[in-house]
Amino acid sequence: MSRMLSTVLAAASMLALAACSGKQAADVALPSAAAAAPLAAPADLGPPQGEPIHAVLTSPPHVPPPIHRNYPAKVIVELEVIEKEMPISEGVTYTYWTFGGTVPGSFIRVRQGDTVEFHLKNAPDSKMPHNIDLHGVTGPGGGAASSFTAPGHESQFTFKALNAGIYVYHCATAPVGMHIANGMYGLILVEPPEGMPKVDHEYYVMQGDFYTTGKYRQKGHQPFDMEKAIDENPTYVLFNGHEGALTGDKALTARTNESVRLYIGNGGPNLVSSFHVIGEIFDRVQQEGGTHPQENVQTTLIPAGGAAIVEFHTDVPGSYVMVDHSIFRAFNKGALAILKVDGQENKAIYSGKEVDSVYLSERAEPNLKAVSVAARAHAAGTLSKDEQIAAGKQLFTGTCSVCHQANGEGLPGVFPPLARSDYLAGQDKNHLISIPLHGLTGRITVNGKDYDSVMPPMTQLTDDEVANLLTYVLNSWGNAGGQVSKEEVAKVRAQPAPPQTAEH
């Protein structure tokens, strides 16, 4: 009784304050006996109709075709866990745990109201048991407890797709973080009953962070590093499982005046993604995969274990770089992909020139075949000078050509030339090696002209990359020649950095 009286008095006080301020009583929020309308339960949409349907699963970056049913069905999904060694970067391998043999796992597409009969198989040669937690499942663990599967076995469970949206799935076997970090994640799209609006292209892209014992791009097989993972210090941050998965001849494609829809997921296990396409504005974003879209978005946050749908229209041709805009992840950990748009130019919209190497680093090349050949030769102990030069040329494209130019001529008065360089000819090998390792600051004279600029240390490069770059430079543009080995680079790297003093 006293509580009711307090409520009435509070309401009266609010009315009095409103009257004193000149506001109408109708503008004042009054306590109401009527509670806010409860959230509607997800639509069941009835029992499955017709014969069971076997889901079409696709490997990234491909997406299964749209669903054109106007009724719920029983959909059978069959997915196999495969543990396999694959490249994570050029000359670097990693043992992935996968759903369907790829990272991310196979894309699953069903309709809201479908009853999904899920079959999870674990390959006989797997070393670990696995399961699956689908964020699109309503039920404890998202199916994890029902799908725990030993090597050589198969599990089955059924769920109803009650909520439309784009959802992450991942392994949830202990240690959960390790299973996800090894690549065990993917996306399931639950289409609304009316289907998705028609677009010209749909693509599947998923970010993940990887933790290896070796440093970024260190050659050879690299095991998982649990300590780095716990510290949230990834060696790689990648789109679709390995560096360069969506660049060069594997870039996504479109033409001008087309619509593109990207299903973007973030497997984590740790990092949040700041997803951005350089040179595009997202016309429409379903943030976190939710129902109500945002429009005209530049960069969208995608949490670990989350997803988004972004759509945009292509207006002018060129290479559009997709990045995690936590930008060191893009250029120093691998979170970089390309959408190559062909078609007619539209000078009214964009008239500037395109210089791929500014953004793409060595990924501006159609492929990295020369780097792959050099990596294999390194491993076999048969690396030749010509193989070093070819690999160094591809690395130079992005690492050095922005300042020193593709022809080695540099920028007059700003960056010294590497072509026909008397400075390079006059230095001993250890000093030349120390320049990319430790940087160079102060005044120097090259070919009779003074330069006073800064070259930052390039500590992100491995020993063999430094050796290949220097070997390429020494044998290009009229220079006298020479060869640098990764062993020589390692020796200089182990020494203290020389003091930075002006040189003449």
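Buried means under 20% relative accessible area, exposed over 50% and partly exposed in between, with a 1.4 Å probe and protein chains only. Keep that cut-off at hand for the tour.

This is a predicted model, in which local features need pLDDT of at least 70, side-chain atom pairs count only at pLDDT 80 or more, and totals for chains, interfaces and linings use all residues. Residues are numbered from 1 along each chain as its sequence is written, and side-chain values use heavy atoms, leaving out hydrogens and water.

**Whole chain**

Show the chain as a cartoon. The secondary structure comes to 12 helices and 23 strands. These are DSSP runs, numbered from the N terminus: helices are H or I with at least four residues, strands are E with at least two. Of the 504 residues, 49% are buried. Take the contacts (heavy atoms within 4.5 Å) between residues at least 6 apart in sequence: 69% of them join residues at least 24 apart.

**Stop 1: Gly439**

Select Gly439, in the loop between helix H10 (429–438) and strand E22 (440–446). Gly439 has 7% relative accessibility, so it counts as buried.

**Stop 2: H12 and its two partners**

Axes are lines fitted to C-alpha atoms, for helices over the stretch in contact, and angles run from 0 to 180 degrees between N-to-C directions. Angle classes are: under 35 degrees roughly parallel, over 145 roughly antiparallel, 65 to 115 roughly perpendicular, the rest oblique. On the H10 side, pick residues including Ile433, Leu437 and His438; on the H12 side, Val489 and Val492 are among those they meet. By class, this contact has 4 nonpolar, 3 polar and 3 charged residues. Here Ala, Val, Leu, Ile, Met, Phe, Trp, Tyr, Cys and Pro count as nonpolar, Asp, Glu, Lys and Arg as charged, and the others, Gly among them, as polar.

Next, select helix H11 (residues 463–474). H11 packs on H12 at about 115 degrees, with axes 8 Å apart. H11 and H12 are therefore roughly perpendicular to each other. Show Asp463, Asp464, Val466 and Ala467 in H11; they meet Lys486, Val489, Ala490 and Arg493 in H12. This contact has 4 nonpolar, no polar and 4 charged residues.

**Stop 3: H6 and H7**

Move to helix H6 (residues 369–380) and helix H7 (residues 385–399). Their angle is about 135 degrees and their axes are 8 Å apart. That makes H6 oblique to H7. Show the side chains: Val371, Val373 and Ala377 are among the H6 residues in contact, with Ala390, Ala391 and Leu395 among those of H7. By class, the contact has 8 nonpolar, 1 polar and 2 charged residues.

**Stop 4: aromatic rings**

Colour Phe, Tyr and Trp. The structure holds 15 aromatic pairs. Rings (for Trp, the six-membered one) pair if their centres lie within 6.5 Å; planes under 30 degrees apart are stacked, over 60 edge-to-face, the rest tilted.

Zoom in on Tyr94 and Phe210, an edge-to-face pair with 6.2 Å between centres and 80 degrees between planes. The pair links distant parts of the chain, 116 residues apart: Tyr94 is in strand E3 (residues 92–99) and Phe210 in strand E10 (residues 201–210). Tyr94 is buried at 1% relative accessibility, and Phe210 is buried at 0%.

Then select Tyr472 and Trp477, an edge-to-face pair at 5.4 Å and 80 degrees. Both are buried.

Finish on Phe239, Phe275, Phe282 and Phe312, which form one aromatic cluster.
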